Every structure is written in structure tokens, then in C-alpha cells.
Amino acid sequence: MTLPVRDDLLGKQPYGAPQLPQAIQLNVNENPFPPSESLIAAVAKAVAEATATLNRYPDREAVGLRFDLAAYLTRVTGVPLSVDQVWAANGSNEVLQQVCQAFGGPGRVALGFEPSYSMHPLLAAGTNTGWVAERRAADFTLTADAAVAAVARHRPAITFLTTPNNPTGTVTGLDVVDAVCQASDGMVVVDEAYAEFGGTVSAVTLLDRHPRLIVSRTMSKAFAGAGLRLGYLAAGAEVVDALRLVRLPYHLSALTQAAARAALAHTDELLGTVEAVKAQRDRMVDGLRELGLTVVPTEANFLLFGPWELPATTWQQLLDLGVLVRDVSTGPGLAGWLRVNAGTEDETSAFLAAVSEVVAARS
Ligand SMILES: *Cc1c(COP(=O)(O)O)cnc(C)c1O
């Protein structure tokens, strides 16, 4: 039986990194540190209180949560942000989907610099937005000149810049963001999902100069809240108003809003894991290089390592040894690379031991 699925979706594959809880899971860039007992208690209490009002729809505008997110961004960037400049949804993927719905659509194209986050083209596809990709340099960097030339060539309605970039870990400077904003009459999205792991200045500092700039963030990575599903963005108030036209009513449940606010009240504790994560990442970098492998310089909680002649085989060998990494090697410009994210100390040790075994068996 053939279903009348949209023509442009026929033959497409859904996003699907394997979920194998029995393995050491280092494949989706999660923070390996679970919430503390005190955070669990605080979230449970907040959720219980919100449960008492579940007969009512939640705050459609999530004002309290957006207020807390604005306060956090103001604190870490030094840029004063108000509630009407911040928007939140179920993961930054939903935020980015709303951006595509509001600013993309049929007859418009979105531009990305690959290799980069594989969800950007999927979000474009799902909203019937065309996708054009330019390649990053061989070392995965992106210069202002190259980015501006691409914008001039494609005249995109939306340009995606990801920094630190997934899956390469590469940082893109604010000079590039600034130049792309000046060159484009479309929206420019800076995806800062991993910003807390990097040391660079946030594109939030450019918001007052560029009314079409959007900076997206998430609680899934540094905030150790992947299961929470809470992403957000900072932009001009007019941008937020445009997103209201496409969001589903009451898209953020009362439970999500309550849990996210409780977690944000523990920001210092949650971000306290960032240094530990970076320490394990650096152990991975050193350990892999000692094994004679190449590691792409990274400012995120993950890294690309290789080169592997048969990356799918290596991926399976590592899984057979109990360690799940990400085979990104079929992506554009990624032949021969695998990606892994920092684990706990034990998980990182297990990963390095497994790679060492694979390398020894190979020679
Ligand atoms: C993980 C990731 C996200 C986060 O997605 P959520 O929906 O917030 O979990 C966004 N952008 C990039 C580049 C990512 O790697």
C-alpha cells in the first residue's frame, strides 16, 4: 500500500541515532552527569505543584520561564535582554523548526555550511524550505569571505551558522557572524547549542546591531537536560512576534515550564559539570593522539577522531566492546571520521581502552 505522503518526503530517512541503553552511550553529545539528589527533589516539587493545575492550559507565553532564560543569558553575556527578546520551545529543534516555518517555506532557501548539524536540512525539508549547502574549508573552519560569498550566491531566507559546530567542534568567530548579517537580507541563525563549553563570545552581543539575527541555545547539553526538552533563542522582539504566528497554542506544557524553571534555579550546579566534561574531553584528545589518531581541534563536549578506512566497521567493533559512538562518516565532507562525546571518567577510560584494542587489532 502506498500512502499519499508528500512527494518531497518520499525516500527520506527519519533522524535516528541508535538508542542502546546497554552500551556506554557517547553518541548524541549528552552531558554524562545525571542530576543531583537536591535537583531531583526541586524538580519533583515544582512538577508536583504544576500538576495541581493540570486541568488548566499552561501559560501560553511561558513568561516566567522566558524571564529566567533572559536573566541567565544576560548574566553570561553581559547583554541586557528582556522577556520579549527570548523565546522557548520543546528543544532548540522546535525553536529552529518555528524559525523555518515563519521565515522559510516554499520558494525560499536556507543555507548551511557543511559538515554541520544534520537536523538543519531536515527542518528545512519538513517545512518545505529549499536547502543549499556550501562546504567548510578542509580544516572545517569558515571564513567571513567564504560565508559572505555563499550568501551573495544563494540569497538565503535563512542562514545557519553553528558554533561550536556539530560534528566538528570548530568555532566560528563573531567576525563571520557580523559579516553574514551585513551581507544577508534574510534571517541569520547562530546555533550556540554548545556555547557553554567554548570560551568564545556569544553572538547575543551582536543582537542590538542586527535585527535579523537569531541566537539559539538549549538545555540539552551543558545544562545536562536532554530529557527535559527545552530549547530557546534570543532575538529582536519582532522576531519573537513572528514565531508566535506559527507556534502551536500551549506548546510548552506546564510540567516542562515548571521543571525547566526549577533546573534554571540550579544553574551554577548544572554548569559546574562543564569543567569536568571538558577535562574528560581533553583526556580523550590526548589518549587518541597517543594512539596515533587524528583529532579535530574542538571547543565542544565532543570530537571527531580518525581517519578510519572502514568507519562503519570500527563503529561496530567499538559497539561490540560496549561503547556506542556516532558514525558520521557518511555525511558531507566527513569520510573516515567518527564522533564521540566526553563521558564520565569511567566511561572515558572504557572508550579509550576500546579504541586502543581496535587500533592494536588493526596493526
Ligand atoms: C544537540 C544540538 C541541538 C539541541 O537540540 P535540542 O532539540 O535542544 O535537544 C541543537 N543544535 C545543535 C547543533 C546540536 O548539536
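Trainee: Among contacts in the protein between residues at least 6 apart in sequence, what share joins residues at least 24 apart?

Mentor: The share is 74%. Keep in mind that the model is predicted.

Trainee: How many helices and strands does the secondary structure of the protein come to?

Mentor: There are 12 helices and 12 strands.

Trainee: What makes the protein as compact as a globular protein of that length?

Mentor: Its radius of gyration is 21 Å, and the globule rule gives 21 Å for 363 residues, so the protein is as compact as a globular protein of that length. Along the principal axes, the C-alpha trace spans about 60 × 55 × 55 Å.

Trainee: What part of the residues counts as buried, and what does the accessible surface come to?

Mentor: Of the 363 residues, 52% are buried, the cut-off being under 20% relative accessible area. The accessible surface comes to about 16000 Å², and carbon and sulfur atoms hold 55% of that area.

Trainee: How far apart are the mean positions of the positive and negative charges?

Mentor: They are 6 Å apart, for 27 positive and 37 negative charges.

Trainee: How many disulfides does a search of the whole structure find?

Mentor: The search finds zero. A disulfide needs two cysteine sulfur atoms within 2.5 Å. The sulfur of C100 has its closest cysteine sulfur in C181, 16 Å away, which is too far for a bond. Starting from C181, the closest cysteine sulfur is that of C100, again at 16 Å and too far for a bond.

Trainee: Why are C100 and C181 called buried?

Mentor: The limit is under 20%. C100 has a relative accessible area of 0%, so C100 is buried. C181 has 6%, so C181 is buried as well.

Trainee: Which residues of helix α4 are buried, and what covers them?

Mentor: Helix α4 takes in residues 119-126, and its buried residues are M119, H120, L123, A124 and A125. Their cover includes α3 (92-103) together with the strands β4 (130-135), β5 (158-162) and β6 (187-191). Just after α4, N128 has a positive phi of about 60°.

Trainee: What is worth noting about phi in R155 and A224?

Mentor: Most residues other than glycine have a negative phi. R155 is a residue other than glycine, yet its phi is positive, near 45°. R155 sits in the loop between α5 (144-154) and β5. A224 is another such case, with phi near 55°; its loop runs between β7 (213-218) and β8 (231-235).

Trainee: How do you know that the bonds from E114 to P115 and between T163 and P164 are cis or trans?

Mentor: Omega decides. From E114 to P115 omega is near 5°, and the bond is cis. Between T163 and P164 omega is about -15°, and that bond is cis too. Most peptide bonds are trans. P115 lies in the loop between β3 (109-114) and α4, and P164 in the loop between β5 and α6 (174-183).

Trainee: What does F33 touch, not counting residues up to four places away in sequence?

Mentor: F33 touches A224, T273, A276, V277 and T344. F33 and A224 are 191 residues apart in sequence, while their C-alpha atoms are 6.9 Å apart. At a relative accessible area of 24%, A224 is partly exposed.

Trainee: Where is S220, and is S220 buried or exposed?

Mentor: S220 lies in the loop between β7 and β8. Its relative accessibility is 7%, so S220 counts as buried. Beyond residues up to four places away in sequence, S220 touches G225, A226, R229 and L230.

Trainee: What makes E357 partly exposed?

Mentor: E357 has 48% relative accessibility, so E357 counts as partly exposed. E357 is in helix α12 (residues 345-362). From E357 to G105 the C-alpha distance is 49 Å, with a separation of 252 residues in sequence.

How values were computed
Residues are numbered from 1 along each chain as its sequence is written. This is a predicted model: local features need pLDDT of at least 70, side-chain atom pairs count only at pLDDT 80 or more; totals for chains, interfaces and linings use all residues. Side-chain values use heavy atoms; hydrogens and water are left out. Helices (H or I, at least four residues) and strands (E, at least two) are DSSP runs, numbered from the N terminus. The radius of gyration is taken over C-alpha atoms; the globule rule is 2.2 Å times the number of residues to the power 0.38. Buried means under 20% relative accessible area, exposed over 50%, partly exposed in between (1.4 Å probe, protein chains only). Contact means heavy atoms within 4.5 Å. Accessible areas come from the Shrake-Rupley method with a 1.4 Å probe; for residues, only the protein chains shown count as cover. Lys and Arg count as positive and Asp and Glu as negative; His and the chain ends are not counted. The place of a charge is taken as NZ of Lys, CZ of Arg, CG of Asp or CD of Glu.
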